[in-house]
Amino acid sequence: MKQVTLPDGERVPALGMGTWNMGDRPAARAEEIATLRLGLDLGLRLIDTAEMYGEGLSETLIGEAIAGRRDEVFLVSKVYPHNATRRGIAAACERSLQRLGTDRLDLYLLHWRGSVPLEETVQGLQALQREGKIRHYGVSNLDLSDMEELWEAPGGDAVAVNQLLYNLSRRGIEWDLLPWLRERRVPVMAYSPIEQARLLRHPKLVGFARDCGMTPAQVALAWLLARDDIIAIPKTGHRERLKENVGALSHTLTAEQLAALDDIFPPPKGPRALEML
């Protein structure tokens, strides 16, 4: 399993599992749990969730899936912005821990920028870290101006990741935000790396994948995995699709292939507003 190094030196899998919308449908529950467990068996030990996902249903599902295997998992969850006050974040974290059936999170993220001052949120995250409730903290969906403000707050420069919408069709962060993060050795956790399956139907990507002996999903993931500081967290609740995703690890794109993908999905030619889903 390829790994990405966090700012403090800890290494985590470059390919993990997202869980947005998982746990919402009772009929899909058994297959979703089986998929998460298979992912752990195959080395995808990073699992990402949030209190927002199904208002806790995703966390509850994950808690069942990892029961008895907690120590195998690098567990990530996220707090709503309106819960990110010093007091609110402590309560929100405790609720997430209870749903997940664990005593700590490996990484806890502010889900997006809200009205609570970033400095107060960081204070709350640091308190959770001191109490052993979380090991690392970070952010999600913060643009360059947000990150610059965060960096000036006491403890803000200790963020482990910025989780962002980043894939072949969403490359806006490459203009300024990604270089800024790289200078500070803050990895990006790329959510929706297959653009919620829309990339699977992109005609040029379908043709490119066929010529390379890959599937479109594998190309999209291999493109992200070609970078040393990107963690991709595709979501699937199906075991066969998970096996396909894992297959991306067996493919290393050549410089020529990466250049061809730049022709199909051009990098940004100027600053863009941060994209979110």
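Predicted model: local features only at pLDDT ≥ 70, side-chain atom pairs only at ≥ 80, totals over all residues.
Two strands count as paired if DSSP finds at least two bridges between them. In strand 9, alanine 232 is the bridge partner of alanine 190. Strand 8 and strand 9 (residues 230-232) are joined by three bridges and run in the parallel sense.

Strand 8 also pairs with strand 7 (residues 162-165), again parallel, and here the bridges number four. Within this pairing, methionine 189 of strand 8 has glutamine 163 opposite it.

Now for the side chains of strand 8, which covers residues 188-191. Val188 and Ala190 point one way, Met189 and Tyr191 point the other way, and all of them are buried.

Is serine 192 buried or exposed? Its relative accessibility is 11%, so serine 192 counts as buried, the cut-off for that class being under 20%.

Asparagine 21 is another non-glycine residue with a positive phi, in this case about 75 degrees. You will find asparagine 21 in the loop between strand 2 (11-13) and helix 1 (29-41). Because its relative accessibility is 41%, asparagine 21 counts as partly exposed; that class lies between 20% and 50%.

## Cavities inside the model

How many cavities of 30 Å³ or more does the model have? The count is two. The largest cavity has a volume of about 60 Å³. Its lining is made up of Asp143, Leu165, Arg170, Gly172, Ile173, Asp176, Leu177, Arg272, Ala273, Leu274 and Glu275. Sorted by class, the lining of the largest cavity has five nonpolar residues, five charged residues and one polar residue.

The second largest cavity, at about 40 Å³, is lined by Leu110, Leu118, Thr121, Val122, Leu125, Val139, Leu150 and Val159. Which element gives the most to this lining? The answer is helix 4 (residues 118-130), with four residues. The lining of the second largest cavity includes seven nonpolar residues and one polar residue, with no charged residues.

## Positions annotated in UniProt

Histidine 111 sits in the loop between strand 5 (105-110) and helix 4, the helix that gives the most residues to the lining of the second largest cavity. Why does histidine 111 count as buried? Its relative accessible area is 6%, and buried means under 20%.

The annotation "active site", also from an unreviewed entry, covers Tyr53. Tyrosine 53 belongs to the loop between strand 3 (46-48) and helix 2 (57-65). With a relative accessible area of 7%, tyrosine 53 is buried. Both annotations come from the record, and such annotations may be inferred rather than shown by experiment.

Technical notes:
Residues numbered from 1 in each chain as written. Heavy atoms only, no water. Buried < 20%, exposed > 50% of the residue type's maximum accessible area, 1.4 Å probe, protein only. Helix = DSSP H or I, 4+ residues; strand = E, 2+ residues; numbered from the N terminus. 1 Å grid on protein atoms, 1.4 Å probe; cavity = no way out; pocket = protein on both sides within 12 Å on 5 of 7 lines; lining within 4 Å. Points joined across faces, edges and corners; volume = space filled by probe spheres on them. Nonpolar A, V, L, I, M, F, W, Y, C, P; charged D, E, K, R; others polar.
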